[in-house]
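Q: I would like a close look at one part of this model. Please keep it brisk and stay with the geometry.

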Amino acid sequence: TSHPTVSSPSTFFLMGVPQLEEVHVWLSIPFGSMYVMAVLGNCTILFIIKEEPTLQQPMYLFLSMLAVIDLVLSSSALPKMLAIFWFVSKEIDFHSCLLQMFTIHSFATVESGIFLAMAYDHDVAICTPLRHKTFLTSSTVAKIGVAAVLRGFFYISPLPLLVRRLTCNPTNIIAHSYCEHMAVVMLSCDDTSISNIYGVTIGFVILITDSLGIGVSYVFILWAVMNLDTAEARPKSFSTCSSHICAILAFYIPTAVSSLFGHQVSPPTHILLANFYLIFPPVLNPIVYTVRTQLRLFGTPGDGDLGNYHLWCCVG
């Protein structure tokens, strides 16, 4: 069926997961459960870090930033998605749609920057442990966090502005569960080449530059660890980085797969993958970091504490 042309629509309609409307209620079970886990897990991390004075260290400050980002990222999409699944509440205001688009893409960019900063923190702590506290003071950590936020906002701000310029819309029905940039742009019958090129380019620039930066940091870490005199210190040093590596893989692999292969699979698979990319890292990050660092409420970190990882490099 054809839809009437809508000029500058004031409202969009999100379809959820097209072709899977009959199982929306069932899809809400795993996504709803993961959202609750993400909120509880990240709020717990923030509470513990705030209440425990011994955790006021760069690694945990970055971890608290990551928790806030994950809360914003998941909360920007999941409540509306669940409303579609449960109540068929598909309507979203045009400006709310642009705000959701900006929030999702900008905070995903900020999260990538925080992962890069955490890799640098590991690099300094392991390669130059005696200078770690001098290099990464609380003030420096705060400046890095602000820089990551400003970068995300600066890179992504043009996206909603370019979408706002589009006026010809054959339909206002978005075949997605949230206002993803390309899904909204595809509605327009105007020339969308600038918006498409900018969106794809900025996505690959962020993905490639941040992943390369993280890779370089871990090359230095690997070199430093392999040159340790004491063999017993090597597995301990590698072990301290495992939570960060797991979190990075959970974030970048779905992003890369969705970007590179998303349009080569069926629409339902692509949309489910996009939803998975939004909710899986916020669920996994609290688990891997609390397990690896052995955070305890009203107690000091355990023996696996990443706050002590620079000590492993001093052995021998």
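In which hand, left-handed or right-handed, does H4 pass H6 in their crossing?

A: This is a predicted model. H4 passes H6 in a right-handed crossing. Helix H4 spans residues 94-127, and helix H6 spans residues 138-156. Their axes come within 8 Å and cross at roughly 145°.

Now the contact itself. On the H4 side, the contact is made by Phe102, His105, Ser106, Phe107, Thr109, Val110, Ser112, Gly113, Ile114 and Ala117. H6 contributes Ile144, Gly145, Ala148, Val149, Arg151, Gly152, Phe153, Tyr155 and Ile156. By class, the residues of this contact are eleven nonpolar, seven polar and one charged.

Cys97 and Cys179 form it, with their sulfur atoms 2.0 Å apart. The torsion about the S-S bond of Cys97 and Cys179 is about -120°, so this disulfide is left-handed. Cys97 lies in helix H4, while Cys179 sits in the loop between strand S5 (173-174) and helix H8 (181-185), so the pair ties together parts that are 82 residues apart in sequence.

The structure holds one cavity of 30 Å³ or more. The largest cavity has a volume of about 60 Å³. Phe94, a residue of H4, is part of its lining. Pro9, Phe12, Val163, Leu166, Asn169 and Val184 also line this cavity. The lining divides into six nonpolar residues, one polar and no charged.

Conventions: Residues numbered from 1 in each chain as written. Predicted model: local features only at pLDDT ≥ 70, side-chain atom pairs only at ≥ 80, totals over all residues. Heavy atoms only, no water. Axes fitted to C-alpha atoms, helices over the stretch in contact; angles between N-to-C directions. Helix = DSSP H or I, 4+ residues; strand = E, 2+ residues; numbered from the N terminus. Left-handed = near helix turned anticlockwise from the far one by under 90°. Contact = heavy atoms within 4.5 Å. Nonpolar A, V, L, I, M, F, W, Y, C, P; charged D, E, K, R; others polar. 1 Å grid on protein atoms, 1.4 Å probe; cavity = no way out; pocket = protein on both sides within 12 Å on 5 of 7 lines; lining within 4 Å. Points joined across faces, edges and corners; volume = space filled by probe spheres on them. Disulfide = S-S within 2.5 Å.
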